[in-house]
Amino acid sequence: MATRIRPSSKRCAVIGGSGFLGRHLVEKLLEKGYTVTVFDIRQSYELPGVAFHVGDLCDKQALLTALQDVSLVFHCASPAPASDDRALFQKVNVDGTRIVIQACQERGVQKLVLTSSASVVFEGTDIKDGKEELPYAKKPIDYYTETKIQQEKLVLEACDKDKGFLTVAIRPHGIFGPQDPQLVPILVDTARRGKMKFIIGDGSNLVDFTFVENVVHGHILAAEHLKPDSPLCGKAYHITNDEPVRFWDFMSQVLVGLGYDAPRYHLPYQLVYGIALLLWLVALLLRPLVRIKPTFTPMRVALAGTHHYYSCARAKEDMGYRPPVSLKEGITRTVESYPHLRKGV
Ligand SMILES: NC(=O)C1=CN([C@@H]2O[C@H](COP(=O)(O)OP(=O)(O)OC[C@H]3O[C@@H](n4cnc5c(N)ncnc54)[C@H](OP(=O)(O)O)[C@@H]3O)[C@@H](O)[C@H]2O)C=CC1
Ligand SMILES: CC(C)=CCC[C@@H](C)[C@H]1CC[C@H]2C3=C(CC[C@]12C)[C@@]1(C)CCC(=O)C[C@@H]1CC3
């Protein structure tokens, strides 16, 4: 009987490798001596030693081609939450993830590391030092989160030690850092439109913002600790900076670092949430006629006005995780990376 030669454990693929987190992950993997294939719907950069496969992860044949001789797969592709496109989230995050799992199994991939999200347990009310044991949100706050829950379940349930296919999910929260197309650009855009004057609620709500390199570190540690006899198999792990910060202090530090004023005036949380809900309903009703994208969605208001920070004790215990970059250093490096977004530029 012919013996199947297993590909080197350092041959990996990053699905979504052209994105913000994906690119940082690819750069660190290369630094650590991995051979990297990127599979993404677009190619946003070139790097020596990286093989790019441009394709949709819903296309199994394209995935099978990209995953040839790969033993480890990182799946960090998703439509942007801001797209608010229910059908697209379902197609990519749920149906597409099923296809990713099948393709991995057919190609004999040994490990699959999913980028999930800590928001899978968030229902818009306070979470303080949340552990992984918290139940999935029964009423997810948006379609994106609804499909991230289904996606995480699919990947964790697929873990099968007997078949030699091991899976783990990383749940980051509030990723920020250089090249992020969302957090800082949204913040600056809001400030430039004169809408960053207000603090929603009393401003004391603590949240996790996680520097992108720490999230990358968590992913690689998880991949390297994922073994048949390890506790990681089929489990989810919070990866944070382990330094909860007041949401509005974080926003202010970034804004002031870029030369804008920090928000000062307080607005009652319930009032702003109610208005956001109303705007969302109006946008939904008008959708057949016109597509409106409100800045203040209920999800965003909830994120800005409640506590949501998570314990990463499980990652510390099972894989020796410690965030290598402090929040202060992360903010400094992030602010320095956006000279074009400074006030007056
Ligand atoms: N950013 C954050 O704060 C957090 C992110 N996450 C998760 O981390 C992961 C990475 O997020 P982030 O880097 O911010 O996101 P990005 O949008 O920057 O990266 C995702 C990448 O996946 C690509 N992609 C989308 N659909 C497909 C598809 N059908 N087939 C192949 N590639 C596709 C995107 O292309 P395109 O841009 O063209 O759509 C993009 O290049 C996601 O799974 C997200 O849910 C979790 C918690 C917090
Ligand atoms: C911690 C965490 C999960 C952060 C997620 C990142 C984004 C959801 C935020 C990044 C910029 C934020 C922002 C707002 C909401 C949340 C973000 C989009 C506001 C729209 C909240 C209401 C305001 O007053 C303006 C804010 C602009 C920035």
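Modeller: Seven strands make an open sheet, ordered 3-2-1-4-5-7-12, with parallel pairing. Strands here are DSSP E runs of at least two residues, helices are H or I runs of at least four, both numbered from the N terminus, and two strands pair if DSSP finds at least two bridges between them.

Biologist: Which strands stand at the edges?

Modeller: Strand 3 (50-54) and strand 12 (235-239); each has a single partner strand, so one side of each is left without a neighbour in the sheet. On average, neighbouring strands are turned by 20° against each other, direction ignored. Axes are lines fitted to C-alpha atoms, for helices over the stretch in contact, with angles from 0 to 180 degrees between N-to-C directions.

Biologist: And what packs on the sheet?

Modeller: Helix 4 (residues 143-157) does, touching strand 5 (111-115), strand 7 (166-172) and strand 12, and its direction makes about 150° with that of strand 7. Contact means C-beta atoms, placed from the backbone, within 7 Å.

Biologist: Is this predicted or experimental, and what are the ground rules?

Modeller: It's a predicted model: local features need pLDDT of at least 70, side-chain atom pairs count only at pLDDT 80 or more, and totals for chains, interfaces and linings use all residues. Residues are numbered from 1 along each chain as its sequence is written, with chains lettered from A and ligands numbered from 1 in the order written.

Biologist: How confident is the predictor?

Modeller: Mean pLDDT, its per-residue confidence from 0 to 100, is 95 for the chain, and 98% of residues reach 70 or more. The complex gets an ipTM of 0.93 and a pTM of 0.94.

Biologist: OK, ligands. What surrounds ligand 1?

Modeller: 25 residues, the closest being Gly 16, Gly 19, Leu 21, Ala 77 and Ser 78. A residue counts if its C-beta atom, placed from the backbone, lies within 6 Å. Helix 1 (20-31) and helix 3 (86-106) each supply at least two of the shell, and helix 1 gives the largest share, three residues.

Biologist: And ligand 2?

Modeller: That one has 17 residues around it, with Gly 174, Leu 183, Thr 190, Arg 300 and Ala 304 the closest. Helix 5 (183-192), strand 9 (198-200) and helix 9 (298-305) each supply at least two.

Biologist: How do the shells divide by class?

Modeller: Ligand 1's has twelve nonpolar, nine polar and four charged residues; ligand 2's has twelve nonpolar, four polar and one charged. Nonpolar is Ala, Val, Leu, Ile, Met, Phe, Trp, Tyr, Cys and Pro; charged is Asp, Glu, Lys and Arg; the others, Gly among them, are polar.

Methods:
Contact = placed C-beta atoms within 7 Å. pLDDT = per-residue confidence, 0-100.
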